[in-house]
Amino acid sequence: MIRSVLNAEVPLFREARYLLAEEMEIRDPSLYHSVLAAVADGNTTSGGIAGYVGRKSNEIAHPLRVLEDSHLLVKERDLFRPNRSYYRVAEPLITFYQAIMVREWARLERGDAATVWRGSRARFLSQVVGPHVEVLCREYALHADTAAGEVGSGVVPDPANRTQIQGVTCT
């Protein structure tokens, strides 16, 4: 990581920015980066994304569609609450960029990748590795069990801890 992704002298360092810049329909890149940052930071509903970005839900509908059409975001139905859906970042490099690199951009450009990487381990595991492993588990379940009706994920309440738990399930 230190020698490649977090190294400002390597082309991969700026790749996540270029992926978004290549999309023709994007007129306000900062809004789209904010939407991706919101999702990478765990705000996966349109209301949560809008709140993170500081806009109304109807004002982010178009950016969400453009990011879906660009295959940078994926909209999935919550299997536990069928009337709800959530978004996830489709490209792990963008998730990594938003969760790790954006926060430390100045330090990374100065060449302090080793310090940034040491301080980013917990965030990397929870915001990059965790969601990616969930996707891999869903894909495996789809291919391994042809009798599975539907494979997906959803959110269930945890009243004891006053939080929510996201899980992968087969129906």
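Let me begin with Q98, which lies in helix α5, residues 92-101; helices here are DSSP runs of H or I with at least four residues, strands are runs of E with at least two, and both are numbered from the N terminus. Q98 is buried, with a relative accessible area of 7%, where buried means under 20% relative accessible area, exposed means over 50%, and partly exposed is what falls in between, using a 1.4 Å probe and protein chains only. Leaving aside residues up to four places away in sequence, Q98 touches H33, L36, A37, A40 and R103, a contact being heavy atoms within 4.5 Å.

Residues are numbered from 1 along each chain as its sequence is written, and side-chain values use heavy atoms, with hydrogens and water left out.

As for confidence, pLDDT is the predictor's confidence in each residue, on a scale from 0 to 100, and the protein averages 86, with 94% of the residues scoring at least 70. Where pLDDT is low, the predicted coordinates should not be read in detail.

That caution bears on the next feature. F80, V156 and I165 form a nonpolar patch on the surface, with about 230 Å² of accessible area together, and I165 has its place in strand β4. I165 counts as partly exposed, at 43% relative accessibility. Patches are made of residues with over 30% relative accessible area and no salt bridge, like charges being joined within 9 Å and nonpolar side chains (Val, Leu, Ile, Met, Phe, Trp, Tyr) within 5 Å; the areas come from the Shrake-Rupley method with a 1.4 Å probe, and for residues only the protein chains shown count as cover.

Now to the salt bridges. The structure holds 8 of them, a salt bridge being a side-chain nitrogen of Lys or Arg within 4 Å of a carboxyl oxygen of Asp or Glu. Which residues are linked in a network of salt bridges? They are E76, R88 and R138. In E76 and R88, the closest N and O atoms are 3.0 Å apart, and this pair links distant parts of the chain, with E76 in strand β1 (residues 73-77) and R88 in strand β2 (residues 85-89), 12 residues apart. R88 is partly exposed, with a relative accessible area of 21%, whereas E76 is buried, at 16%. R138 also forms a salt bridge with E76, and there the closest N and O atoms are 3.5 Å apart. Because R138 lies in helix α8 (residues 121-144) and E76 in strand β1, this pair ties together parts that are 62 residues apart in sequence. Both R138 and E76 are buried.

Another salt bridge joins E109 to R14, the closest N and O atoms being 3.1 Å apart. E109 lies in helix α6 (residues 105-109) and R14 in the segment before α1 (15-21), so this pair ties together parts that are 95 residues apart in sequence. E109 is partly exposed, with a relative accessible area of 43%, and R14 likewise counts as partly exposed, at 26%.

Finally, E134 has its place in helix α8 and is partly exposed, with a relative accessible area of 23%.

Key. This is a predicted model: local features need pLDDT of at least 70, side-chain atom pairs count only at pLDDT 80 or more; totals for chains, interfaces and linings use all residues.
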